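Dear colleague,

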Amino acid sequence: MVTILFDGIAYGMLLFVLAAGLSVTLGLMNFVNLAHGAFAMAGGYAALVVVNRLGVPFGLGLVAAFLFSAALGALLERTLYVHVYAKSHLDQVLFTIGLVFMSVAIVDYTMGSSQQFIAIPPVLQGQITVLGIGMSKYRLMIIVICGVLTALLQLGLTRTRFGSRLRAAVDDQRVARGLGINVGAVFALTFALGSGLAGLGGALGAEILGLDPIFPLKYMIYFLIVVTVGGTSSITGPFLASLLLGIGDVAGKYYVPQLGAFVIYTIMIVVLIWRPQGLFVRKGAR
Amino acid sequence: MRGPDVSTSAKLASAISAQFTARARWSPLEVLFWLAALATIWLAPDHHLILTEIVIWALLALSLDLILGYAGIISLGHAAFFGIGAYTAGLLAKHALVSEPVLALLVSGAAGAAFGFLTSFLVLRGTDLTRLMVTLGVALLVREIANRAAWLTGGADGLQGIGMEPVLGLFRFDLYGHTAYAYSLVVLFVLFVIARRIVGSPFGLSLQAIKGNPLRASAVGIGQTWRLVGIYTLAAAYAGVAGGLLTQTTAFTSLESLSFDRSADALLVLIIGGTGHLYGGLIGAVVFRFAQDWISAATPQYWQFWIGLFLVLIVLVGRDRIGSWVAPVRRLADRVSDWRAWRRPPAVEPTAPGEGGRP
């Protein structure tokens, strides 16, 4: 029971780090980015290459995953995404589905279609027992890393100058521009940060979620659920939603395995029926 | 207070009905299109298998066009209805519940419609984003059900052992797909004619008003709920029939018919041909299937990459500009029908400008 809770929390925190970037682009900037998972996958494979093939330590592999996905995010944002911000939702959907399909084919071509695992150092393998509860070291590490990142994100958004610029740019682009805020740069940086976090999540989660070319399609719905259920007014909403989803999914798979992914889809649809209008509407945002 | 001028309103009514008659007239290009399609039954007997696939894609895209192009509802889960139709047709044939294909096809359509009706209430609520997520979620849910209910659907192996009875008890399905193609084409034509009538009717026009501006549409007294429910249900029925056709012509169905890829590809087919005119899906299906055939012959495994690239380019270049190749063709069609109308005296006197109370 406690183990399930523990696994669920680890899973949920992982989902939060994966989806945090999406909650900004989809939730705050109102851009339908179905390709978010592609950045997570890019990070996962970047870590895979540097750790497994080049023999770089695991920790540095995570950093590499973050940097690679962030750079990729910044590049694509400046070259492609920037043209699509102002287009209709249908265009955004088509565009990002296109990116997903391309990423799937590219990874399939370069890395092969089978599921792969990043080599974990022996220190992180096995379990430790705290207060009589056996906990996987790896999952404990995930909780610690993701917890720290969440705290940093929360502080960054509410306490720093960049955070207030971002909130201003999202609330009213024109006024923000008038006040001398470089909205394009703020969005690009945010996008890069979100992609980087996704990449880090992809690398961290390779052990739990698996890593194969259809990763972006497989987990697209999870990211969307986090953003939908969590709402967009603060970072706390998506965080709680991730935990709920993580625990719900793990518990569902443990107790009623025959239902499979049923539980979470149903949760999502129920929430959408329950709060259809308020989900993506944020007071003050355009 | 005087009532409305009777003569003016009568004239207006006749002018409106003349408009509708003009809209409903088949232009020579349309006739030519369908004659060409009909001719392929005899002219291209070696390609009937791929042509049947094209017809099914066309029907699915037509169905998506009804909600996207005419009512402005974005759906990422149209495969749900397609798959439900496919499995319905498969189960009916497998267990010999309804062994006559045309009848079974109607039941497939009805199954799609029933599910569409039920889910339409979810889709009605909320914005584009919510609709995207709900349609996507519903489709994933249906796929998961089909995957889990292996005792009924065969699960990941697909539904096997489907034997098809002859169409109408007369035409036996053959190995080369001749019967299948003729059968599919007739179904497509019938459904197309029905869709054409619906789209040109006052109901169809009111849908376009809702798509254009929901707020103004309600302001002039066009209620949205039941119109959107209606068109969504109709589109679901069409998708169900398309799915049923796939099962009947291939004697097999699998989870692929419910997959996200199918929803996305249907969207792509429609976008290639252009939304908001019924021929979009049909033309898109022809282009899509032949392109797929050609590319996958060149690079079998990475066909998906090229779809992706195509989608990205289509958005970056602008859908309007890509769709605009249709405009000259339409203008030509209009001119041809104008020319025909000019040769015959018009049946109804067109309203002269300046009528309606000006001195």
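**Cavities and pocket**

The second largest cavity holds about 50 Å³ of space. On a 1 Å grid over the protein atoms alone, a cavity is a set of points where a 1.4 Å probe fits but cannot get out, a pocket is an open set with protein on both sides within 12 Å along at least five of seven lines, and lining residues have an atom within 4 Å of a point. Points are joined across faces, edges and corners, a volume being the space filled by probe spheres set on them.

The model is predicted: local features need pLDDT of at least 70 and side-chain atom pairs pLDDT 80 or more, while totals for chains, interfaces and linings use all residues. Residues are numbered from 1 along each chain as written, chains are lettered from A and ligands numbered from 1 in written order, and side-chain values use heavy atoms, without hydrogens and water.

Ile225(A), Val226(A) and Ile267(A) are among the residues lining the second largest cavity. Its lining has seven nonpolar, no polar and no charged residues (nonpolar: Ala, Val, Leu, Ile, Met, Phe, Trp, Tyr, Cys and Pro; charged: Asp, Glu, Lys and Arg; polar: the others, Gly among them).

The whole structure has six cavities of 30 Å³ or more. The largest, of about 60 Å³, is lined by residues including Leu26(A) and Met133(B), and nine nonpolar residues form that lining.

Of its 33 lining residues, Ile214(A), Leu217(A), Lys218(A), Tyr265(A) and Arg143(B) lie nearest its centre.
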